[in-house]
There are 2 protein chains.
Amino acid sequence: MEAGSVRPRRISRPVRVGDVTIGGGAPVVVQSMCSTDTRDVRATVEQIAALVDAGCEIVRVAVPDRAAAEALPEIVRRSAIPVVADIHFDHRLALAALAAGVHGLRLNPGNIRDPEKVREVVRAAAERGVPIRIGVNAGSLPPMEASPGAPPPTVAELRAALPARMVEAALGHVRILEALGFFDIVVSLKAFDVPVTVAANRLLAQQVPYPLHIGITEAGLPWAGTIRSAVGIGILLFEGLGDTIRVSLTGDPVEEVRVGYEILRALDLRRRGPTLISCPTCGRTEVDLVRLAMEVERRLQGIRDPITVAVMGCVVNGPGEAREADFGIAGGKGRGVLFRHGQIVGTYPEEQLVDALMAEIARERGWPVGTRSA
Amino acid sequence: MEAGSVRPRRISRPVRVGDVTIGGGAPVVVQSMCSTDTRDVRATVEQIAALVDAGCEIVRVAVPDRAAAEALPEIVRRSAIPVVADIHFDHRLALAALAAGVHGLRLNPGNIRDPEKVREVVRAAAERGVPIRIGVNAGSLPPMEASPGAPPPTVAELRAALPARMVEAALGHVRILEALGFFDIVVSLKAFDVPVTVAANRLLAQQVPYPLHIGITEAGLPWAGTIRSAVGIGILLFEGLGDTIRVSLTGDPVEEVRVGYEILRALDLRRRGPTLISCPTCGRTEVDLVRLAMEVERRLQGIRDPITVAVMGCVVNGPGEAREADFGIAGGKGRGVLFRHGQIVGTYPEEQLVDALMAEIARERGWPVGTRSA
């Protein structure tokens with residue numbers, strides 16, 4: 001392994017969800033789930049459009065009942081990205097979702113007790129080339145059984161046993177599908193507990209060839225949930241595990257997509273738009289760096305070019321410390337320097353610095369004159 | 001290694017910064033740096049007080065000049081936590097900071113060229129029992145030299161060589177201190193690039209016994225910087241590396257401390273206050289979960305008890321999925337259940353649910369009646 005690299009990615013069996021490939025060395029896919037009532041087609045389609053704008057590549061919708069299933073044909077037709085139906089227990093909903101043209105199912109076959117019903121769903125999925133994601137959450141496992149006569153397990157014992165129990169549950173579902181000759185499988189193992197999630201995914205990765213959908217469940221409101229997800233998903237991706245990610249936040253799913261891309265960017269796995277480097281201010285800073293950085297961030301919004309832009313607080317170390325940046329500015333007292341690939345391009349009064357930066361970026365990137373001047 | 005655990009922590013040589021121990025198996029210390037002008041004593045002292053409120057355990061201030069050094073005695077006197085002086089090049093500033101009573105220095109001895117001046121600083125630090133942090137940032141390394149006649153290194157070659165070059169630079173500074181019989185050393189290796197930062201720290205950890213101060217430099221504005229820091233610091237901590245952390249954000253340093261604790265909480269390394277578990281809403285949710293979770297978060301603000309509280313969107317899976325929570329509520333249609341340690345305590349109308357939750361927490365935690373009812 002080369003020093004300074006993410007570990008080589010585990011190469012999984014590729015699975016197609018509509019026109020998107022998960023696994024097999026494909027870029028890590030960013031997905032999310034609608035928080036709308038699936039029966040409300042208009043709200044769901046609008047949310048999907050907002051998710052697509054943010055870069056979402058696969059979207060999941062809950063299908064808790066018949067009415068939700070009936071909304072699927074129109075949702076699928078109006079979605080720009082593949083739609084996955086999330087189904088629990090009721091095989092008729094799965095069949096209806098498949099008939100509606102969904103591109104994936106999230107369904108644990110072991111929860112549909114009747115083998116004949118499972119066979120029916122799997123046959124229908126296979127006919128349509130629709131994959132099935134098996135999703136095991138730590139919280140949904142059946143209670144752990146104590147040995148007869150033994151004291152009930154302690155919290156620490158329960159926790160230590162959890163990864164293996166999650167894997168076992170997932171393998172149970174996997175075997176049902178494999179026995180039916182069905183291999184278009186994606187598996188997810190999620191917990192709120194980051195070390196448990198990591199351990200479970202490591203174990204599973206050794207035992208099946210299928211792509212892994214990774215995430216941290218019930219991670220919380222956006223602020224804490226973002227941090228917990230970044231830590232957990234980041235660790236797994238750094239270990240080379242994870243073919244598709246979903247950040248779970250209690251809030252707008254568009255934020256899940258934004259956070260997902262930012263995690264991937266932090267590990268250089270995917271880039272979407274500019275990367276902003278900015279130093280924390282300190283007692284040496286003689287410029288309003290926060291304002292400057294926020295202004296640059298604002299001006300770069302909506303730009304898709306994967307450029308790196310640095311906003312540094314001091315002229316002395318700025319260009320040097322931001323050598324890896326494509327473009328940058330370093331503020332001084334009333335004046336600042338503009339640099340490109342570590343070389344100083346010029347010195348400007350502070351109030352012209354951002355304009356000069358944007359003009360320089362536009363020049364090098366060949367943007368039409370004036371497009372980014374405001 | 002037990003499945004589901006963070007890897008055993010590397011046990012480093014403990015170093016005392018004032019009354020705080022870094023390394024040697026001590027809890028990971030959360031630190032930050034003032035963004036105020038150090039010469040402005042009032043602003044700096046106020047910022048330190050806000051940092052302390054957020055849980056900051058060590059604070060660093062920049063000492064770029066004589067005037068900043070002159071402000072140190074009063075800052076140190078009025079700070080509730082140990083103060084570290086950040087000094088570059090000028091050994092007289094280091095001597096002045098030590099005389100002012102600072103509890104730590106951040107200083108790279110190799111940057112003070114004259115060996116006699118280095119000796120003077122190190123002697124003064126040793127006399128006062130003040131440790132020195134050596135801090136190497138990827139961006140501040142001298143340019144990489146190409147072999148004579150060879151083409152200049154490519155970007156990929158530069159990046160691949162970076163971790164070893166950072167370690168080499170740090171070891172150069174370490175050896176200067178060791179040669180003077182000084183071993184109260186903390187080392188940091190930081191880059192904006194997460195994989196480079198991880199690789200550098202892994203390498204260094206094998207070569208010195210000193211505690212590691214970890215962080216990601218110039219991580220950016222709070223949103224992106226938080227995600228990048230959570231990924232980078234999270235990976236290192238999960239590997240058992242890191243004795244103290246600093247999250248670097250372009251913004252209010254109080255946010256650095258909050259994010260720091262949240263990263264530690266995500267890995268179960270430290271807990272400060274309640275942990276909120278909340279599910280992402282989905283098409284099955286029949287309650288305004290975001291509002292409910294935000295309300296619970298608000299009511300829990302300022303509470304130091306390390307309890308876990310779950311806010312779940314559906315009554316069917318809620319209590320089960322949040323078994324690990326000490327307390328929780330699961331919303332239904334107009335009504336919801338309150339549970340404690342996975343057992344249902346009662347059912348309440350939606351508008352009374354949060355009150356019932358807070359009352360239950362207060363009862364079990366033995367809080368005085370009425371203290372948390374509003």
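Phe89(B) is exposed, with a relative accessible area of 55%, where exposed denotes over 50% relative accessible area, buried under 20% and partly exposed in between (1.4 Å probe, protein chains only). This residue is placed in the loop between strand 5 (83-86) and helix 3 (91-99) of chain B; helices (H or I, at least four residues) and strands (E, at least two) are DSSP runs, numbered from the N terminus. The phi angle of Phe89(B) is near 70°, a positive value in a residue other than glycine. Most residues other than glycine have a negative phi.

The model is predicted, and local features need pLDDT of at least 70, side-chain atom pairs count only at pLDDT 80 or more, and totals for chains, interfaces and linings use all residues. Residues are numbered from 1 along each chain as its sequence is written, chains are lettered from A and ligands numbered from 1 in the order in which they are written, and side-chain values use heavy atoms, with hydrogens and water left out.

Superposition of chain A on chain B gives an RMSD of 0.0 Å, through a turn of 180° and a shift of 0.0 Å along the axis.

At the interface, 82 residues of chain A are in contact with 82 residues of chain B, contact being heavy atoms within 4.5 Å. Of the interface residues of chain A, 100% are also interface residues in chain B, so the copies meet through the same surface. Between them the two chains bury about 6,400 Å², 60% of it on carbon and sulfur atoms; this buried area is the accessible area (1.4 Å probe) that two parts lose on being put together, summed over both.

Two salt bridges are found across the interface of chain A and chain B, a salt bridge being a side-chain nitrogen of Lys or Arg within 4 Å of a carboxyl oxygen of Asp or Glu. Asp268(A) and Arg159(B) meet in a salt bridge at 3.6 Å, N to O. Asp268(A) is found in the loop between helix 8 and strand 11 of chain A, is partly exposed at a relative accessible area of 44%, and has a positive phi near 60°.

Over all chains, the count of salt bridges comes to 52. Arg291(A) forms one with Glu350(A), the closest N and O atoms being 3.8 Å apart. This pair links distant parts of the chain, 59 residues apart: Arg291(A) in helix 9, and Glu350(A) in the loop between strand 15 (343-349) and helix 11 (353-365) of chain A. Arg291(A) is partly exposed at 45% relative accessibility, whereas Glu350(A) is buried at 19%.

Within helix 9 of chain A, Arg299(A) and Glu295(A) lie four residues apart, about one turn of the helix, and their side chains meet in a salt bridge of 3.0 Å, N to O. Arg299(A) is buried, at 12% relative accessibility.

In chain B, Arg106(B) forms a salt bridge with Asp86(B), with the closest N and O atoms 3.3 Å apart. Arg106(B) lies in strand 6 (residues 104-106) and Asp86(B) in strand 5 of chain B, so the pair ties together parts that are 20 residues apart in sequence. Arg106(B) is buried at 9% relative accessibility, and Asp86(B) is buried at 1%.

Technical notes. Copies are superposed by least squares on the C-alpha atoms of residues with pLDDT of at least 70 in both.
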